[in-house]
Amino acid sequence: MQGTKFCDLSETKGMVKMKITIIGGGPGGYEAAIMAAKLGAEVTVVEKNKVGGTCLNVGCIPTKALLASAEVLTTSLEAEKFGVFNDKTVVDPAQIIERKDKLVSGLVKGIEFLFESNGVNLIQGVGKLIDSKTVEVKRHDGGSEKLVSDKILLATGSVPICPEMFHYDGVKVITSTEALSLKTPPKSMIVIGGGVIGCELGQFFSRMGTQITIVEMAEQILSNEDESVAKQLLRQFKREKIKVLTATRVTDVNVQNTGITVNLSSGKTLEVEMVLLSIGRASFSKELNLDALGISTNSKGQIEVDELLETNVKGIYAVGDLINTPYLAHVASKEGTIAAENMLGKNKTAVHKAIPRCVYTDPQVAAVGLTEKEAQQRGIAYKTGSFDFRSLGKAQIIGKIQGQVKIIVDEKDVIIGASIVGPEATDLLAELTMAVHLGLTAEALGDVIHPHPTLSEAIMEALHDVHEMSINKVELRL
Ligand code: FAD
């Protein structure tokens, strides 16, 4: 984008700057704020905790920081295979948490700096709608004020779901928020929910020495992904002695002084020190006063928006975990920038065609577009190509040979879905996300020269395999 374009948009109200108030400073809110400021608006963000929201403070960044420490531990334990000998490897969970905290606070400061340098005004307090132009803020310093603006963006995100029957107390029965700050990992833990957060944190604590049992009510962990993808991760969990109980519900949690007993639908009772709830998140709009303005929500409490991300009340927009799109930081931030442009007069449609889905376990899991199951359910005639990392030079070099790349194409050879299980899968997915977004064919992308020796060659080989042209293909050993 060029500077002159920004000026054009800000002039939608003549020489007077458009005023925008944003409630919530997570990825949806802060990306919107910076974009709107760059486009020439006068922007105020109201945030009741720290800027960066769930993602930066208790979500994406801290989980990945912990997992990075776990990866260093694994590398260290396997160092001998590379001809490197450590006398001993010692883990200090408290220092792992300290490193994570430092990293998070540095990144929070980075956003505060970006606000400052782009002229975004930050108010620390709880925001509430009064009417379609007014936000009331109860500031943390005890004062309150009313902000009148031309447009309002709601970006208050989501909170963990904690049904009463699980007796969440933040100490023995915890959510991901508390899990990220446990300086002494428990001896044993039941993770209720084998989705992305449950798998990531379950593996982290297992590597810290906790006996983990993941209980998942669906037929497989990562229930949104293909069975083959979940199976590959399950195989690694078994190697690490992480117990996984699928098609099983937790029926009862009893917290006692001595420990916790957990009853399962299978009739079994487990005794553990701690329970981690990771059964999903719910949009958080409780403090916004939506009913008074007649802002429409669906049965899950998600705010309804049109394709421009505007609610049914003109001038009020909503993005991120607050609306009915995948609860992911990159979705929230994309929606934030689109909403900012639309508030300033553009008509940009929010397109959710190619949303990357990433799981930062070891091996990593990453997918985009349709799964094979979804293609079948939609009656799409499709073909697949796959390639096993085991057959790839780079995977052998780095000693990470588990997993595969799988590509799904429609009858016109257009890539409609892809999944990667294996080393750096989440980074590798970018190429396939672009392919799904742009509607590229397997032949066109397979013709691109991929650097050697790199993990990206596995993608190229899987693309060639769609037409049975892979020269390196060997039978997949699952
Ligand atoms: P949030 O980030 O939740 O921000 C909302 C903000 O609004 C918060 O700061 C909150 O304090 C503030 N707020 C709420 N109400 C008010 C009010 N009334 N007044 C003022 N402020 C208010 N996503 C990924 O893409 N990749 C990942 O690897 C990933 N890992 C995750 C790991 C965990 C453990 C969790 C919990 C989530 C993870 N997510 C991940 C999801 C991601 O964090 C969210 O999708 C993303 O943060 C949503 O952004 P948002 O701006 O909509 O809301």
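**View 1. Strands E21 and E22 at the largest cavity.** Strand E21 (404–410) and strand E22 (415–422) each supply at least two residues of the lining of the largest cavity. Strands (E, at least two residues) and helices (H or I, at least four) are DSSP runs, numbered from the N terminus. E22 gives the most to this lining, with three residues. The model is predicted: local features need pLDDT of at least 70, side-chain atom pairs count only at pLDDT 80 or more, and totals for chains, interfaces and linings use all residues. Residues are numbered from 1 along each chain as its sequence is written, and side-chain values use heavy atoms, with hydrogens and water left out.

View 2. A cavity is a set of points, on a 1 Å grid over the protein atoms alone, where a 1.4 Å probe fits but cannot get out; lining residues have an atom within 4 Å of a point. The count comes to one cavity of 30 Å³ or more, and the largest cavity holds about 60 Å³ of space, a volume being the space filled by probe spheres set on the points. Among its lining residues are Glu225, Arg357, Lys406 and Ser419. Domain 2 (164–279) and domain 3 (357–476) both contribute to the lining, so the largest cavity lies between them. The domain bounds come from an automatic or database domain assignment.

**View 3. Helices H4 and H7.** The axes of H4 (residues 60–77) and H7 (residues 196–207) come within 10 Å and cross at roughly 40 degrees. Axes are lines fitted to C-alpha atoms over the stretch in contact, and angles run from 0 to 180 degrees between N-to-C directions. H4 and H7 are therefore oblique to each other; angles under 35 degrees count as roughly parallel, over 145 as roughly antiparallel, 65 to 115 as roughly perpendicular and the rest as oblique.

Conventions
On a 1 Å grid over the protein atoms alone, a cavity is a set of points where a 1.4 Å probe fits but cannot get out, and a pocket is an open set with protein on both sides within 12 Å along at least five of seven lines; lining residues have an atom within 4 Å of a point.
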